[in-house]
Amino acid sequence: MFDNLNWWEIGALLLLALLIFGDRLPVVINDGLRMVRNLRAMARNATGDLSRELGTDIQLEDLHPKAFIRKHLLSEEDEQAIRKPLQGVYDNLRADVTGVHDDLKDVAASVDLRTKTPGGSAAGGAATAPAPRTASYDDAT
């Protein structure tokens, strides 16, 4: 929950909470925890009621429409029949992308300036001539 906060930020938040709530801080924390427990119980009861009404075992994660359809409406054979035409396209596309990736790696390795030239010196050294300067608007006026 607090993955993006470090210990200093958490300490500053606790100090700020202590300054705002003072002596009532334990009561406020207790009320907050009680509210979280009640919300979890309500969610559990709602999924239980929905599971009883539909006659299947439903978890909270299953309430996403795609997951619900995949788990409760499609059989294993139906899902495989839907995936079969797309699997061949996916495999071909993956092979093409892998081939392009390998070709790009070969081109990048051949153009890499850090590699040595046939003369034995590095191509990125001081022997490289500067790029010619193009005329600008200021030069023409």
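Here's a short walk through the model, one selection at a time.

Keep in mind that this is a predicted model, where local features need pLDDT of at least 70, side-chain atom pairs count only at pLDDT 80 or more, and totals for chains, interfaces and linings use all residues. Numbering starts from 1 along each chain as its sequence is written, and side-chain values use heavy atoms, leaving out hydrogens and water.

**Stop 1: the α2 helix.** Select residues 25-54, and you've got α2, with 30 residues. Helices here are DSSP runs (H or I, at least four residues), numbered from the N terminus. From first C-alpha to last, α2 reaches 44 Å, close to the 44 Å expected at 1.5 Å a residue; the expected span is 1.5 Å times one less than the number of residues.

**Stop 2: the buried side of α2.** Now pick Leu 25, Thr 47 and Ser 51, which are buried. Buried means under 20% relative accessible area, exposed means over 50%, and partly exposed is in between (1.4 Å probe, protein chains only). Show residues 7-21 too: that's α1, and the buried residues of α2 pack against it, with contact meaning heavy atoms within 4.5 Å.

**Stop 3: the salt bridges.** The rule is a side-chain nitrogen of Lys or Arg within 4 Å of a carboxyl oxygen of Asp or Glu, and by it the count comes to 2.

- Show the side chains of Arg 34 and Asp 31, which meet at 3.1 Å, N to O. They sit 3 residues apart in α2, so about one helical turn separates them. Arg 34 is partly exposed at 41% relative accessible area, and Asp 31 is partly exposed at 38%.
- Next, go to Arg 52 and Asp 49, whose side chains meet at 2.2 Å, N to O. Both lie in α2, again 3 residues apart, about one turn of the helix. Arg 52 counts as exposed at 62% relative accessibility, while Asp 49 is partly exposed at 39%.

Stop 4: Finish on Phe 21, which is in α1 and counts as partly exposed at 30% relative accessibility.

Technical notes: Helices (H or I, at least four residues) and strands (E, at least two) are DSSP runs, numbered from the N terminus.
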